[in-house]
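Hi,

Here is the structure I said I would send over. Have a look first, and my notes on it follow below.

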Amino acid sequence: MIDWALLLAALIAVESSGDPNAIGDNGLAYGILQLHSAYVQDAAQYARQDWTHEDAFDPEKSKQIVRAYMARYATKKRLGREPTYSDLARMHNGGPVGFRKSVTDGYWLKVKKELAKRGISTFN
């Protein structure tokens, strides 16, 4: 079972060290979770919300956006199994099929380290 508060805390630590005003990826990623415009649009469409890219600067909305994005893509039906912390972190970093991309392996190791700091030792 995923502990969303801990997962989000780990993602935030990796993405921005908790800075809600962070701008990264050459100006394309915003907020504590470093969300790109397409990610926000994708989540907004799924959740039927009117979120904009600038909403990524609001920590609470940013978390809602990530949860909506994962509700759309990190499903048992889509993955063929229950999603893991690794799946979620790698999708956050690499998009809907990020869990399959080797380019997200390094990102997952960073998130895994942050999860371990927060007491998560089983990552399935």
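Arg48 sits in the loop between H2 and H3; helices here are DSSP runs of H or I with at least four residues, strands are E runs of at least two, and both are numbered from the N terminus. Its phi is near 55°, a positive value in a residue other than glycine. Arg48 is also exposed, at 77% relative accessibility (exposed means over 50% relative accessible area, buried under 20%, and partly exposed in between, with a 1.4 Å probe and protein chains only).

Before I go on, a word on where this comes from: it is a predicted model, in which local features need pLDDT of at least 70 and side-chain atom pairs count only at pLDDT 80 or more, while totals for chains, interfaces and linings use all residues. Residues are numbered from 1 along each chain as its sequence is written, and side-chain values use heavy atoms, with hydrogens and water left out.

Ser17 also has a positive phi, near 55°, and is not a glycine. You will find Ser17 in the loop between helix H1 (4-16) and strand E1 (23-24). With a relative accessible area of 69%, Ser17 is exposed.

Now the helix I would look at next, H5 (residues 85-94). Nine of its ten residues are buried, so H5 is largely enclosed by the rest of the structure. The buried ones are Tyr85, Ser86, Asp87, Leu88, Ala89, Arg90, Met91, His92 and Gly94. What covers them? The cover includes H1, H2, H3, helix H4 (76-79) and helix H6 (105-117), with contact meaning heavy atoms within 4.5 Å. Just after H5 comes Gly95, with a positive phi of about 90°.

Asp87 is buried, at a relative accessible area of 4%, whereas Arg81 is partly exposed at 35%. Elsewhere, salt bridges that share partners join Glu114, Lys117 and Arg118 into one network.

How many salt bridges does the structure hold? There are eight. Another of them pairs the side chains of Lys61 and Asp55 at 3.4 Å, N to O. Asp55 counts as buried, with 14% relative accessibility, and Lys61 as partly exposed, with 32%. Then there is Lys63, whose side chain meets that of Glu60 at 3.5 Å, N to O, in a salt bridge. These two are three residues apart in helix H3 (residues 59-73), so about one helical turn separates them. Lys63 is partly exposed, with a relative accessible area of 25%.

Last, the aromatics. A search of the whole structure turns up three aromatic pairs (rings of Phe, Tyr and Trp, its six-membered ring, pair if their centres lie within 6.5 Å; planes under 30 degrees apart count as stacked, over 60 as edge-to-face and the rest as tilted). Tyr39 and Tyr69 are stacked, because their ring centres are 3.8 Å apart and their planes are at 10°. Tyr39 lies in helix H2 (residues 37-47) and Tyr69 in H3, so this pair ties together parts that are 30 residues apart in sequence. Both Tyr39 and Tyr69 are buried. Ring pairs also bring in Tyr73, linking Tyr39, Tyr69 and Tyr73 into a cluster.

Cheers

Technical notes
A salt bridge is a side-chain nitrogen of Lys or Arg within 4 Å of a carboxyl oxygen of Asp or Glu.
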